[in-house]
Amino acid sequence: SPTSESIKMKGSDTEVNLAVNLAEKFTKQDPDFNIAISGGGSGLGITSLLNGQADIANSSRPLSAEEIEQFKQKKIAIRTVVFAEDATAFIVHRDLPLEEIDLETLGKVLSGQLRNWSEITSVNLPINIYGRQSSSGTHSFVKKKLAIEFSTAAKEMTGNAQIIEGVKADRSGIGYVGAGYVAHDPHAVQYIKILKIKETKAGAAVSPVDPGAIKQRLYFFQRPLYQYVLSSSWEKVAPFIQFEKGAIGQSVIEAHGYYLIN
Amino acid sequence: MKIKLSAENLNISFGSKDVLKNINVSFAEHEVTALIGPSGCGKSTLLRSFNRMHDLSADAKISGTLKLDGLDLYGSETRVTQVRKRIGMVFQKANPFAKSIYDNITYGLKINDLPHGKNVVEKALQEAFLWDEVKNDLNMPATRLSGGQQQRLCIARAVALRPEIILMDEPCSALDPISTLKIEELIVHLKKRYTIVIVTHNMQQAQRVADKTVFMYLGEIKEEGPTQQLFHYPKEEMTARYVNGQFG
Amino acid sequence: MKIKLSAENLNISFGSKDVLKNINVSFAEHEVTALIGPSGCGKSTLLRSFNRMHDLSADAKISGTLKLDGLDLYGSETRVTQVRKRIGMVFQKANPFAKSIYDNITYGLKINDLPHGKNVVEKALQEAFLWDEVKNDLNMPATRLSGGQQQRLCIARAVALRPEIILMDEPCSALDPISTLKIEELIVHLKKRYTIVIVTHNMQQAQRVADKTVFMYLGEIKEEGPTQQLFHYPKEEMTARYVNGQFG
Amino acid sequence: MKLKTRLSIDVCFKYIFKVTGLLVLLLLGAILFMLIYNSISFFLDVRPIDFITGLEWNPTGDTPKYGILPLIISTTLVTMGAMAIAIPLGIGTAAFIAEYASPRLKNMLKPIIEMLAAIPSVVIGFLGIVVVGPGIANLADLQNGLNALNGAILLAVMALPTIITVAEDAIHAVPKTYKEASYGVGATKWQTLRKIVIPAAAPGIIAAVMLGVGRAIGETMTVLMATGNAALLPTGMFASVKTMTATIAIEMGEVPYQTTHYYALYAIATVLFFMTLLANILGEYFINRFRKYHAV
Amino acid sequence: MRFRAERITTIVEWGTLLLSTGLVCFFLVIILWEIVSKGAAVISAEFVLQVPKEGMTAGGILTPIIGTVLLTLLTALFAIPFGVCCAVYLQEYASNNWFTRTIRASIRNLSGVPSIIYGLFGLALFVQGLQFGTSLLAAGLTLGLLSLPYIITTAEEALMRIPNSMREAALAVGATKFETIRDVVLPSSMSGILTGVVLTLSRAAGETAPILFTGAAFYINQTRASVNQEFMALPYHLYMLSTQHQSIDAVRPIAYGTALVLVFVVFVLNLAAFYIRYTYRKNEN
Ligand SMILES: Nc1ncnc2c1ncn2[C@@H]1O[C@H](COP(=O)(O)OP(=O)(O)OP(=O)(O)O)[C@@H](O)[C@H]1O
Ligand SMILES: Nc1ncnc2c1ncn2[C@@H]1O[C@H](COP(=O)(O)OP(=O)(O)OP(=O)(O)O)[C@@H](O)[C@H]1O
Ligand SMILES: [Mg+2]
Ligand SMILES: [Mg+2]
């Protein structure tokens, strides 16, 4: 049967845990289903498609013009699936007296122009930035959205989880992670705080964990999550994609703190 | 008397070091020849060249002709394994295999497709005066034997193959006087069938066992001749000084 | 004659193996004493016990009293380093340090805070009849010397410290007759100042150099006495067989 | 068996050994080729001098920066920190085991060292996250213990067994006769150890240290997990550092193949390769200098 | 006076060495204590025999255990024959000239090459070049390459320890070179070679960096494996659980359990090496 053929799924770290849960649930329905899931980042997923090392690429960003060109050159046909919506949350330590932040200030913080919390809050602590490695999809997403270069003092953590760990322990830390990572982790919420984002200084503050706002696309750092599938592999992958869109799949996505497609 | 083994114009060097210089020597059948000379003069080197042990040293350069019954030992058609089967060797340092005593004797026999029953082993060990000491421990690792026993085992191993020539490099250096005496008896006994060349530091030993003695010095043969003549009426002053300037 | 070094009721065992049994022996000042006996009888073990080399073997058990000029060598107040400085040792196997020839001699001098100039080194090497052969290569690694040269270097190293006693364990076993003769001369020369104990397998050597000879057998002292008497009028039959049943 | 058969078997195996041998050498040689080939591709885009002396590593910026100096300095810092801990401890322990420990103690210590060596680097890295990191943060009153010191401590633990076993072997291999000779002229145990045993074992000990250095420079997982990975010029042992190996491990996952950034990672690997090579060659040089004293 | 000073220095000297030894032991105790005390809590038959569940926050680690076992087998299959043959070639056949000396030095250096570089090479050669894809095969070969220099050097050392007089003994009774190697050289060096092999494999089993890009996957939903598929491996699993997983606190106990199993696996391999060395040594003496 085609489903017993092994499927390779690679890509965004943001989506990898979700994919694992989906695969696990699907295996219960179809015990022959055979999948290998890896993280590594959106870029890895997409290049793996190009190199024939994956059937599905999870990506937290759209294809770049360059990548589209590469697919064309290699005559590789792919199909795009948007299967969830993600919001990037900015987190600080629970004790930091800061609830919301506007884009301009956030940009200054992350680019290293502001170096001490005293410039925007009442505490005198140096700002510690917990970021992702430069080639991560989330990293480039935030960078592009804010149109800044990250401070070179930013720590580069190898995953969302490490960022949360870092900020948890660091009163002066700020970091960014997929909203899903914090929304449903009761341990995390004890120690960290999710900042509300204002697009302008006067604008309304929006939380990334507010489903209503996300649905209305009000949160500034929100983005669709993609799955790119090799057309040649579509047949063996299709049942899984169907499953994602079905009732169980959708509930898993929600339970993970991501949002459904309108 | 028939010449069994000979070297003509033999030169050996290791790297840039000349160790043997234009050696001409021959060993007669059924005789015992002793090689004497001060330490480092090249006795072992000469002996080892006959069964092509220098093939192992990459930097050894050998020129000249070595012959066994007219067979060119280093000829391109000559098979080194056959040469070594015909020329047995007992080394300066005892080197038993890390096998049982029994297997030490049979190894060479098996390799060469010779009979290797228990009686063959017993015979070889008896010839080397070792049988009585080890007959109940034939399966013991040979490495557990004492130094002197190991040396006799190596002699037994060589003898078992019934070679035509036995080269012995100081076979008694690790032995006490009584075992030494036994080995000397053995040598005298063996020469009826084999041709024997023995390196020794011991002047008395040379006189007791050797028909002919060759005196080497600094890589050259200084003098050779019948043993009694060489010891008692040496032609060279160097020889006289070496054989007399000492013991008893 | 003054007793310089002595052992009373000495027993030594390694693990469960008794090697020396109730040894009583003494060595007189300015005399050469030879220890003879078949291989494995315990000569080296006895010699090594005097400068406490067995401290290195964990399984060595020693009982009895060893005295140097009345000082208990194994006493709790006795410093082993001082014992060893006063009792020089030349080992059965030559054991030069992996240093230059020069440093081999000066090492012990430096350790003991003694003058270690070039002249001291030269003197020591001359006493061991090695100076002429190495005077141009003092910085050469000692390990490159020939076996015999290494042994003489070890003698030089021991002599350099001006010990009171020199213990020599077969110092000539690796030497050619000429070097042997030189070492023997050296021994006879040294005994004017030092007390010397020498282990040898060579009966002639014992007779040439020793004032007194001790014959050991299986860990016991079978007989001792003035050399000439022991060799020519042995009291024990065992002794007679050992000193006669062999070489010319 | 007939002599002819024996001789043909002999020749046959000679070729089998030779061919497999050469094949292995070829494969291992290909590693160097791959490094150089990809590095050349990189240096077609970026000038070597900018690469080696550049103070900024930011390959995904709007104007990508490929300065490797911060990474080299980070690697050096962590390695030297590790060696400062591991060399004295290692040689001390080796000497203790070889010269002072009773046979029973020795039989206990050797397995301990081997167990330490057996622990995979990822486990050490894990402990860096859960034990050493928080420990450092507590003691030094830092927000976060993921820094160079953490990496150095962990690498020291990883390099120690190598240093100890190799050095102990070397010390143990010093012939007993050397020691006897030294005791024979009245030297104490300590003097013998320092002046005879350790010099005689020097080649082995230097080899040990060099192996340790090589291991520390090249260790990936531990530093990846424990040093915080900030691509800055490090300001001290408490700074987060991003070593060369960690850079490769982090970024290779996400770079598109055959891009400048991809080649840049191979270029880092090449530099890393030559750093370890240098350590080894230096070690070799000293080994040869000492070995001539041991030539028989 | 001098006597007392001497005794004090002796104590200080001795103490220094004892202290460093103590510290080294202390490191091991800490490591083991941390892993065993926290890991033992989650270890059970289920933990070892079940696949990961609930997004790897529950269940066991059977899949990575299987992956590590297969990976190590593959490594052994590739590295042992090639490594030993290469060592025999270098030690017994190749003449000792500048060429072989260079080769030998290169091999020594290769054993010092960082494992991540082998990962890069495996990616370039096996995954991309030979089109094995990210797979068990590619990763196994990569680890095999990584192991080769170790196996070659330890095997060469073992061969080198066999004194020439042993070879001469065989040659002198008329053995051919191959017979000498087969009957005398290899048997005498077997303990050394085997010990080196097993230790190298235990090292390979614990490696992470070389499999990062050559075939290790974050999650596999099946326990059956084949050489052209990706796999889970214990060290990679631990790395992922401790740095990449979404609920890092929820999986921490599993991470400890994984660490414990991993350490157990390599310890068992080491014990095997220890045993081999011990029995052979006993037989040799
Ligand atoms: N493989 C080798 N490489 C270099 N030099 C060698 C080699 N074998 C022997 N020599 C040198 O050749 C010379 C003669 O050595 P050989 O072993 O033949 O002496 P010998 O007469 O047997 O001495 P001894 O009585 O001490 O055994 C010595 O100077 C030795 O150093
Ligand atoms: N460290 C040791 N452990 C166990 N046994 C030992 C040790 N040293 C010596 N022996 C044993 O003690 C006995 C006497 O040895 P020793 O070396 O004193 O003999 P020797 O008389 O010097 O012989 P040789 O003339 O062969 O040198 C031998 O049986 C030997 O095996
Ligand atoms: Mg010789
Ligand atoms: Mg002795």
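This is a predicted model: local features need pLDDT of at least 70, side-chain atom pairs count only at pLDDT 80 or more; totals for chains, interfaces and linings use all residues.
The buried residues of helix α3 in chain C are I101(C), N104(C), I105(C), T106(C), Y107(C), G108(C), L109(C) and I111(C).

Buried here means under 20% relative accessible area. What does the covering of those buried residues include? From chain C itself there are α4 (118–127), α5 (131–134) and α6 (147–160). Chain D contributes as well, with α7 (176–184) and α8 (189–200). If you follow the chain just past the end of α3(C), you come to D113(C), which has a positive phi of about 60 degrees.

Next, the ligands. The side chain of S44(C) has an N or O atom 2.6 Å from an oxygen atom of ligand 2. For G42(C) the atom is in the backbone, an N or O at 3.0 Å from an oxygen of the ligand. The side chain of K17(C) places an N or O atom 3.2 Å from an oxygen atom of ligand 2. On its own, ligand 2 has 630 Å² of accessible area, and the protein covers 67% of that.

Now ligand 1, with chain B. Ligand 1 is surrounded by 13 residues, and the closest of them are S39(B), G40(B), S44(B), T45(B) and Q92(B). In the side chain of S39(B), an N or O atom is 2.7 Å from an oxygen atom of ligand 1. A backbone N or O atom of K43(B) is 2.8 Å from an oxygen of the ligand. K17(B) has a polar side-chain atom 3.1 Å from an oxygen atom of ligand 1. Of the 640 Å² of accessible area that ligand 1 has on its own, the protein covers 66%.

Two or more residues of this shell come from each of β2 (17–28) and α1 (43–50) of chain B. The largest share is from α1(B), at three residues. The classes in the shell around ligand 1 are three nonpolar, seven polar and three charged.

How many helices and strands does chain E have? There are ten helices and three strands. From the N terminus, their order is α-α-β-β-α-α-α-α-α-α-β-α-α. The C-alpha atoms of chain E fill a box of roughly 70 × 70 × 35 Å along the principal axes. Chain E has 285 residues, and 62% of them are buried. Among its contacts with a separation of 6 or more, 75% are between residues 24 or more positions apart. The accessible surface of chain E is about 10700 Å², with 68% belonging to carbon and sulfur atoms.

How values were computed. Residues are numbered from 1 along each chain as its sequence is written. Chains are lettered from A and ligands numbered from 1 in the order in which they are written. Side-chain values use heavy atoms; hydrogens and water are left out. A polar contact is a pair of N or O atoms within 3.5 Å; within protein, one must be able to donate a hydrogen and the other to accept it, and residues adjacent in sequence count only if both atoms are side-chain atoms. Accessible areas come from the Shrake-Rupley method with a 1.4 Å probe; for residues, only the protein chains shown count as cover. A residue is near a molecule or strand if one of its heavy atoms lies within 4 Å of it. Helices (H or I, at least four residues) and strands (E, at least two) are DSSP runs, numbered from the N terminus. Ala, Val, Leu, Ile, Met, Phe, Trp, Tyr, Cys and Pro count as nonpolar, Asp, Glu, Lys and Arg as charged, and the others, Gly among them, as polar. Buried means under 20% relative accessible area, exposed over 50%, partly exposed in between (1.4 Å probe, protein chains only). Contact means heavy atoms within 4.5 Å.
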